[in-house]
Amino acid sequence: MKLFILVALFGLCLAQHNPHIQHGRTSIVHLFEWRWADITAECERFLGPNGFGGVQISPPNEHIVLNSPWRPWWQRYQPVGYNLCSRSGNENELRDMITRCNNVGVNIYVDAVINHMCGAGAGEGTHSSCGSWFSAGRKDFPSVPFTQSDFNDHKCRTGSGEIENYGDANQVRDCRLVSLLDLALEKDYVRDKVADFMNKLIDMGVAGFRVDACKHMWPGDLSAVYGRLHNLNTEWFSGGSRPFIFQEVIDLGGESITSTEYFHLGRVTEFKYGAKLGTIFRKWNGEKLSYTKNWGEGWGFMPNDNALVFVDNHDNQRGHGAGGAAIATFWDSRLHKMAVGFMLAHPYGVTRVMSSFRWNRHIVNGKDQNDWEGPPSHGDGSTKSVPINADQTCGDGWVCEHRWRQIKNMVIFRNVVNGQPHSNWWDNQSNQVAFGRGNRGFIVFNNDDWDLDVTLNTGMPGGTYCDVISGQKEGSGCSGKQIHVGGDGRAHFKISNRDEDPFVAIHADSKL
């Protein structure tokens, strides 16, 4: 009987690694700080038709509101309750978004902030996104309700109540992260309240959760919360499906807490991936693209089945989190497109694409003084809608990397080659590399300071293919470069290091 229970629990945990992305789709996009109404429209007009598998949304629950015009993005990460009204919209708009995105094959993954409530200095009053009263000083959150006994202060052993030493796992998990009021997840009452919040979203139709700040919570406490979660809604998911869990654990090595402690609970965000890939494409520290022949686990990354990977995220594109200045972001658009193209071509991990907004950068001594700036907003602090330009890009401060032709087409590339092995590797022992995905796709990069001019075995059937980076297949022709593959699978590639995008990709569905 004990063995049966252990096997059942093991199966339950493995199920939480499955993103339940619809057949033929593979990638998630993070529409950071978008309004629910805009995500709904984007699912229907762009994400569904272009093969995106899901959207990671910003935290949907009630959060603090700081006085205009100082409405930082991080106020979303300071909850005051679990009512579903936020800067992105109200509960009805959220429900409509989940339903309509599911109906066009695009899953919704919620960014769940369950480690803490707001900062200890957030004061008291009704300055929250739903207008609920709270008192940070008294640790009183009546809309949940949480009171003083539901927080971890009695367990923290530091003089300040803050994390003072990341080498001490007890501090990291029992003390306050940057003054945020740390919830006592060892209590069944707190676990129940957190699970109630997540279950409401599951019942509405979400496919899973990005769980924030996981290394600040004990794995046993998270296991107890996840074990309380409902199966996914059978209107859109097969019976018995468990919510997809991907956990934010920043582990670059050298700390007391490792990502491996969370593998049994769900996937984990592999922060080494973007940090290393940025270093490689920037050619820092002697790194070369040719070294990526064994990319993935061969580079010391977590096992493939445990990894969620990304080039940049909302934290580290601002210099927070992990990776430092190596991270390739939209500010370095040429490098960013290449790095995201590489990620989407390579079979390792579940992939997430970033979709950002611009802020007014002000760098002093390497630190961005404006890294706090919130999304494009009206004078009253409300978030602006995302306007779509005639060329399919976004306006009004929204970057929308996921709409860039090169990235959108590589999302499609990944769908076409899904399940095919990494194959037909070639490199010049420097920063020119090429690889295929079985006989379904082939990609070539030139990140050197000189031209690439080479004939390579693509593994693809003979014919004429449209390069999906410089353009795409349109009707019976190509809007960009054409690549001619011979009957022997070989093709000639010429890529100038001065090209706007010095890489080329072809796949089975881009064949004329």
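The dialogue below explains how to read several features of this predicted model.

Biologist: What kind of model is this, and how are residues numbered?

Modeller: This is a predicted model, in which local features need pLDDT of at least 70, side-chain atom pairs count only at pLDDT 80 or more, and totals for chains, interfaces and linings use all residues. Residues are numbered from 1 along each chain as its sequence is written, and side-chain values use heavy atoms, with hydrogens and water left out.

Biologist: How many helices and strands does the protein chain have?

Modeller: Helices (H or I, at least four residues) and strands (E, at least two) are DSSP runs, numbered from the N terminus. The protein chain has 9 helices and 24 strands. Its radius of gyration is 23 Å, close to the 24 Å that the globule rule gives for 512 residues, so the chain is as compact as a globular protein of that length. That radius is taken over C-alpha atoms, and the globule rule is 2.2 Å times the number of residues to the power 0.38. The C-alpha trace spans about 70 × 60 × 50 Å along its principal axes.

Biologist: What percentage of the residues is buried, and what percentage of the contacts joins residues at least 24 apart?

Modeller: Buried means under 20% relative accessible area, exposed over 50%, and partly exposed in between (1.4 Å probe, protein chains only). Of the 512 residues, 59% are buried. A contact means heavy atoms within 4.5 Å. Among contacts between residues at least 6 apart in sequence, 68% join residues at least 24 apart.

Biologist: How should I read the two faces of a strand?

Modeller: In a regular strand the side chains alternate between the two faces of the sheet. In strand E17 (residues 441-446), Gly441, Ile443 and Phe445 lie on one side and Phe442, Val444 and Asn446 on the other, and all are buried.

Biologist: Which strands pair with E17, and in what sense?

Modeller: Two strands pair if DSSP finds at least two bridges between them. Strand E16 (residues 432-437) pairs with E17 in the antiparallel sense over 6 bridges, with Gln432 opposite Asn446. E16 and E17 form a hairpin with 3 residues between them, and Gly438 in the turn has a positive phi of about 55°. Strand E24 (residues 503-507) also runs antiparallel to E17, joined by 5 bridges, and there Gly441 stands opposite His507.

Biologist: Which strands are joined to E8, and do they run parallel or antiparallel?

Modeller: Strand E3 (residues 107-112) runs parallel to E8 and is joined to it by 4 bridges; Tyr109 has Gly208 as its bridge partner. Strand E9 (residues 244-247) is likewise parallel to E8, with 4 bridges, and Phe209 stands opposite Ile245.

Biologist: How should I read the cover of a helix, for example H6?

Modeller: An α-helix has 3.6 residues a turn, so residues three or four places apart point the same way. In H6, 6 of its 8 residues are buried, namely Pro219, Asp221, Leu222, Ala224, Val225 and Tyr226. The cover over these buried residues includes H4, helix H5 (188-204), E8 and E9.

Biologist: Where does His20 lie, and which residues does His20 touch?

Modeller: His20 is found in the loop between helix H1 (2-15) and strand E1 (28-31). With a relative accessible area of 15%, His20 is buried. Not counting residues up to four places away in sequence, His20 touches Ala15, Asn107, Ala207, Leu232, Phe237, Ser241, Arg242 and Phe244.

Biologist: Are Ala213 and Gln392 buried, exposed or partly exposed?

Modeller: Ala213 counts as buried at 5% relative accessibility, whereas Gln392 is partly exposed, with a relative accessible area of 41%.
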